[in-house]
Amino acid sequence: MKTRLGCLSKKSDSYSDFSEFLPPAHETTARCLKLSTDEVVRWSESFDHLLAHKYGLAAFRTFLKSEFSDENIEFWMACEDYKKIKSSTKLVSKANKIFKEFIEVQSPREVNIDYRTREKTKQVLADPSPTSLNEVQGKIYSLMEKDSYPRFLRSKMYQDIVNRAHAQGQRRSV
């Protein structure tokens, strides 16, 4: 319990926190070779580039966790998974799970949406389809793009990743 509370008492944006989402240490060399400066810099060109890149998404998730605000990216990812479901039974189950975890008032990881959006989503999910969460997912995406993404790009974590990728690239060219 004390250890868990200790984690909450300090915010960290260090690169070392990013490592929990990457392959084990023995794969470090291969990982560094895959993460070029161009790729890392491309994350700053658009939010879509960041989310589309495996390590970009991992870094962004880690950054949001360090700020205790990862519910938006977790919701967005849950919606991406939801869209891929083919079975109507699984669709209903996943829709209920997402609603209870992220959308319902006082839910464990409630996302910040307005009353109208919450109610409309609730109605749409009464008869779910793969596109039922598109509107609310779009609102959360916009919120992250306008708020969290610029903070991530200014963060020490992102700057450290850029510097490490740049340093790794220089070592390779020598």
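Trainee: What makes Lys 83 partly exposed?

Mentor: This is a predicted model, and values are computed from it. Lys 83 has a relative accessible area of 34%. Buried means under 20% and exposed means over 50%. The value for Lys 83 falls in between, so Lys 83 is partly exposed.

Trainee: Which residue forms a salt bridge with Lys 83?

Mentor: Glu 80 does, and the closest N and O atoms are 3.1 Å apart.

Trainee: Why is the pair of Glu 80 and Lys 83 called a salt bridge?

Mentor: The cut-off is within 4 Å, from a side-chain nitrogen of Lys or Arg to a carboxyl oxygen of Asp or Glu. At 3.1 Å, Glu 80 and Lys 83 meet that rule, so the name applies. Glu 80 is also partly exposed, at 25%.

Trainee: How are Glu 80 and Lys 83 placed in helix α6?

Mentor: They are 3 residues apart, which puts about one helical turn between them. In general, an α-helix has 3.6 residues a turn, so residues three or four places apart point the same way.

Trainee: Which residues of α6 are buried?

Mentor: Asn 72, Ile 73, Glu 74, Phe 75, Trp 76, Met 77, Ala 78, Cys 79 and Tyr 82. Their cover includes α4, α5, α7 and α9.

Trainee: What does Ile 73 touch, beyond residues up to four places away in sequence?

Mentor: Leu 51, Leu 57, Phe 60, Arg 61, Leu 64 and Met 144. Ile 73 is also among the residues with the most contacts inside the largest nonpolar core, along with Trp 43, Phe 60, Phe 75 and Phe 152. That core has 42 residues.

Trainee: What makes Lys 120 and Glu 135 a salt bridge?

Mentor: Their side chains meet at 2.8 Å, N to O. The limit is 4 Å, so the pair qualifies. Lys 120 lies in helix α8 and Glu 135 in helix α9, so the pair ties together parts 15 residues apart in sequence.

Trainee: How do α8 and α9 pack?

Mentor: At an angle of about 150°, with their axes 9 Å apart. The residues of this contact divide into 1 nonpolar, 2 polar and 4 charged.

Trainee: What makes Asp 114 and Lys 139 a salt bridge?

Mentor: The N to O distance is 3.8 Å. That is within 4 Å, so the pair counts. Asp 114 sits in the loop between α7 and α8, and Lys 139 in helix α9, so parts 25 residues apart in sequence are tied together. Asp 114 is partly exposed at 35%, and Lys 139 is partly exposed at 32%.

Trainee: How many salt bridges does this rule give?

Mentor: The count comes to 12. Glu 67, Asp 147 and Arg 151 are linked in a network of them.

Trainee: How many helices and strands does the protein chain have?

Mentor: There are 10 helices and 0 strands. Of the 174 residues, 39% count as buried.

Technical notes. Residues numbered from 1 in each chain as written. Predicted model: local features only at pLDDT ≥ 70, side-chain atom pairs only at ≥ 80, totals over all residues. Heavy atoms only, no water. Core = buried A, V, L, I, M, F, W, Y, C linked by side-chain atoms within 4.5 Å. Buried < 20%, exposed > 50% of the residue type's maximum accessible area, 1.4 Å probe, protein only. Contact = heavy atoms within 4.5 Å. Helix = DSSP H or I, 4+ residues; strand = E, 2+ residues; numbered from the N terminus. Axes fitted to C-alpha atoms, helices over the stretch in contact; angles between N-to-C directions. Nonpolar A, V, L, I, M, F, W, Y, C, P; charged D, E, K, R; others polar.
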